[in-house]
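Hello,

Here is the structure I promised to pass on to you. Please open it beside this email, and then read on for what was found in it.

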Amino acid sequence: MAGIPDHIKAIAELSPVEDLLLVVLRKGLPGIRVKSLVDQHETFPLVLVRRDPSFGAWDGDARFTDAARVVINCFAADPNGDEDSAILSEAVRVVLRDAWLNNEVVPGRGHITRVDMNSSPRRASDWATATGPVQYADLPTGVWRYESIYDIRIRKPRKRPYPLPH
């Protein structure tokens, strides 16, 4: 048997925060690659979404909500890679805000109940910061990165992400 049994999956009430945000951002940013992992030979523009492990005390409601600090990196290549990365970061902010204010529900993943910008987009000179991607040391030549941090609250989905098998 590969993986965990379905009756174990059915215990889970929440899914990874990244899974919800990937759906929201892919829908809101058509034509832009939105991922949570970096490929060895990546292409740009790219939005990279990852939950920040340094959130501190989790303050969600164990019955209904999840809370996470999320780091979002926006990459774009020259010409205008610096400006394009900054604009892409702003587009991400608008998509997250609109998903929150419009109560956009992602089936099996839940919906965003609050978005707070913890750290506004800022230029970063390489792949990695303390919270950023760390797979590679240097950005490819002519590629720019803007990093921003959000505190996100999520209402769990009405139905569990992995229903009981019949």
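To get started, where is Ile152 found? Ile152 is in strand E6, one of the DSSP runs that are numbered from the N terminus (helices are H or I with at least four residues, strands are E with at least two). Before going further, please note that this is a predicted model, in which local features need pLDDT of at least 70 and side-chain atom pairs count only at pLDDT 80 or more, while totals for chains, interfaces and linings use all residues. Residues are numbered from 1 along each chain as its sequence is written, and side-chain values use heavy atoms, with hydrogens and water left out.

Ile152 has a relative accessibility of 2%, so it counts as buried (buried means under 20% relative accessible area, exposed over 50%, and partly exposed in between, with a 1.4 Å probe and protein chains only). Arg114 is 38 residues from Ile152 in sequence, but their C-alpha atoms are 5.8 Å apart in space. Neighbours within four places in sequence aside, Ile152 is in contact (heavy atoms within 4.5 Å) with Asp66, Ala67, Ala68, Val70, Ile112, Arg114 and Val115. Ser148 also lies in E6, and it is buried, with a relative accessible area of 1%. Leaving out residues up to four places away in sequence, Ser148 touches Val70, Val71, Ile72, Ser119, Ser120 and Pro121.

Next, the helices. The axes of H2 (residues 17-28) and H3 (residues 81-101) come within 10 Å and cross at roughly 115°. Such axes are lines fitted to C-alpha atoms, for helices over the stretch in contact, and the angles run from 0 to 180 degrees between N-to-C directions. H2 and H3 are therefore roughly perpendicular to each other (angles of 65 to 115 degrees count as that, under 35 as roughly parallel, over 145 as roughly antiparallel, and the rest as oblique). On the H2 side the contact is made by Leu21, Val24, Leu25 and Gly28, and on the H3 side by Val92, Val95, Leu96 and Ala99.

Some of these names come back in the nonpolar core, meaning a set of buried Ala, Val, Leu, Ile, Met, Phe, Trp, Tyr and Cys residues joined through side-chain atoms within 4.5 Å. The largest core has 25 residues, and Leu25, Val47, Val49, Ile72 and Leu96 have the most contacts inside it. H2, E2 (46-51), E3 (65-77), H3, E5 (110-124) and E6 (143-155) each supply at least two of its residues, and H2 gives the most, with six. Leu96 touches Leu21, Leu25, Ile72, Ile112, Val115 and Tyr150, not counting residues up to four places away in sequence.

Finally, have a look at the backbone. Most residues other than glycine have a negative phi, and most peptide bonds are trans. Here, a cis peptide bond joins Phe44 and Pro45, with omega about 10°, and Pro45 sits in the loop between E1 (33-35) and E2. The bond from Asp78 to Pro79 is also cis, with omega near 5°. Asn80 has a positive phi, near 70°. Phi of Asn103 is positive as well, near 50°, and Asn103 is partly exposed, with a relative accessible area of 49%.

Enjoy exploring!
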